[in-house]
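Keep the picture open as you read, and look up each element when it comes along.

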Amino acid sequence: MNFEIDEQQRDFAASIDAALGSADVPAAVRAWAAGDTAPGRKVWSQLADLGVTALLVAEKFDGIEAHPVDAVVALERLGYWAVPGPVTESIGVAPILLADDERSGALASGELIATVALPPQAPRAIDAHFAGLILAAGDGEVRDGAPGTQHDSVDPARKLFDVDATGDARPADTARAYEFGVLATAAQLVGAGQAMLDQSVEYAKQRSQFGRIIGSYQAIKHKLADVHIAVELARPLVYGAALSLAEGSPDTARDVSAAKVAASDAALLAARSALQTHGAIGFTQEHDLSLLLLRVQALRSAWGDPTLHRRRLLEVLS
């Protein structure tokens, strides 16, 4: 059996990398944190042109209705580049909650960006000031919502908002939407972990200490190798969870939680190793690594922190 993504999926990932690599995403993230969402909107427009915003939208609404694995391919790359905005919510969760809602067409085209509050694990909506649609979901229902009080996040580029439900309740598969939220977040964590590893490897080839390039030290090689192993172990768990979701497997909760735990741990290890490799410069606001360090801390707790998902794993396995 071949568990690798196919050539078409690799080309899709490469096209996302090409677009985001030329978009100066770090500048967009910094502007976003300062309250200027215009550069970030341009990034989202590029994602829409590539079909990323349409991945999980039904074909009858001009969506792609792609396999969850295809969504994971894209979301990992968005995590790699630390794209600002409600990525998990608009691309991974809203299409499930809207389902047969005609607004799904605007979601697919990128004209509509959505954010979601789904208590208790996602009690606040991300970037409600940016989203054109706010959804309040829970207990098999979804309503339109309005932004309430704003709260700060550990990541300045992720604004948190209380949500007041304002619309009529409509039936929605909130349980499945939650699993997609967890999966989308795990995929971004894998991408962020890979990005920090790549940056650390490049920096280790340049930084000197005691008259030697630090990449020549065995301790540095072993540390970065540990990160590589952790990321490579997390990635198949994320793809496995996508397969479980696609097939409606009874083990979906187990597989999704395992993916989130592994991705969170890998990204945290990558963050610690990257900071140790770069030294204090890595956490300065001027260095792009700092954007990933903060994003990882925020995503680890989003849609259920590792402790919650370990507990869910134990409950499923017991």
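## Two helices side by side

Start with helix H7 and helix H10: H7 passes H10 in a left-handed crossing. H7 takes up residues 174-204, and it packs against H10 at an angle of about 150°, with the two axes 10 Å apart. (Axes are lines fitted to C-alpha atoms, for helices over the stretch in contact, and angles run from 0 to 180 degrees between N-to-C directions.) H7 and H10 are therefore roughly antiparallel to each other. That label goes to angles over 145 degrees; under 35 is roughly parallel, 65 to 115 roughly perpendicular, and the rest oblique.

Who does the touching? From H7 come Thr-185, Gln-188, Leu-189, Ala-192, Ala-195, Met-196 and Gln-199, and from H10 come Leu-289, Leu-292, Leu-293, Val-296, Leu-299 and Arg-300. Contact here means heavy atoms within 4.5 Å. Sorted by class, the contact of H7 with H10 has nine nonpolar, three polar and one charged residues. (Nonpolar means Ala, Val, Leu, Ile, Met, Phe, Trp, Tyr, Cys and Pro; charged means Asp, Glu, Lys and Arg; the others, Gly among them, are polar.)

## Where the numbers come from

You're looking at a predicted model, where local features need pLDDT of at least 70 and side-chain atom pairs count only at pLDDT 80 or more, while totals for chains, interfaces and linings use all residues. Residues are numbered from 1 along each chain as its sequence is written, and side-chain values use heavy atoms, leaving out hydrogens and water. Helices (H or I, at least four residues) and strands (E, at least two) are DSSP runs, numbered from the N terminus.

## Another neighbour for H10

H10, residues 289-301, also meets helix H9, residues 252-278: their axes come within 10 Å and cross at roughly 150°. H9 and H10 are therefore roughly antiparallel to each other, and their crossing is left-handed.

On the H9 side, the contact uses Lys-260, Ser-264, Asp-265, Ala-267, Leu-268, Ala-271, Ala-274, Leu-275 and His-278, which meet Leu-289, Leu-293, Val-296, Gln-297, Leu-299 and Arg-300 in H10. The residues in this contact of H9 with H10 split into nine nonpolar, three polar and three charged.

## The annotated stretch

Now jump to residues 7-84, which an unreviewed UniProt entry annotates as "domain: Acyl-CoA dehydrogenase/oxidase N-terminal". UniProt positions are given in the numbering used here, feature names are shortened, and annotations may be inferred rather than shown by experiment. In the model, this stretch is 63% helix and 0% strand, and its end C-alpha atoms sit 28 Å apart.

Helix H1 (residues 7-21) packs with helix H4 at an angle of about 25°, with axes 9 Å apart. That makes H1 roughly parallel to H4, and their crossing is right-handed. Gln-9, Phe-12, Ala-13, Ile-16, Asp-17 and Leu-20 of H1 make the contact with Val-69, Asp-70, Val-73, Ala-74, Arg-77 and Leu-78 of H4. That's eight nonpolar, one polar and three charged residues.

## Strands and their partners

Which strands does S4 pair with? Strand S4 (residues 141-151) pairs with strand S3 (residues 133-138) in the antiparallel sense over four bridges, where pairing takes at least two bridges found by DSSP. In this pair, Ala-137 stands opposite Val-142 in S4. S4 also runs antiparallel to strand S5 (residues 160-165), joined by five bridges, with Ala-146 opposite Asp-164 and His-151 bridged to Leu-160. Strand S6 (residues 170-171) is antiparallel to S4 too, with two bridges, and Glu-141 stands opposite Pro-171.

S5 has a partner in S2 as well: two bridges join them, again antiparallel. There, Ala-125 stands opposite Phe-161 in S5.

Most residues other than glycine have a negative phi, and most peptide bonds are trans. Now look at the hairpin of S3 and S4, with two residues between the strands: Asp-139 takes a positive phi near 55°. Glu-65 has a positive phi too, near 50°, and lies in the loop between helix H3 (38-49) and helix H4 (68-80).

Where is the cis peptide bond? It runs from Pro-119 to Pro-120, with omega near 5°, and Pro-120 is in the loop between strand S1 (114-117) and strand S2 (125-126).

Definitions and conventions. Left-handed = near helix turned anticlockwise from the far one by under 90°.
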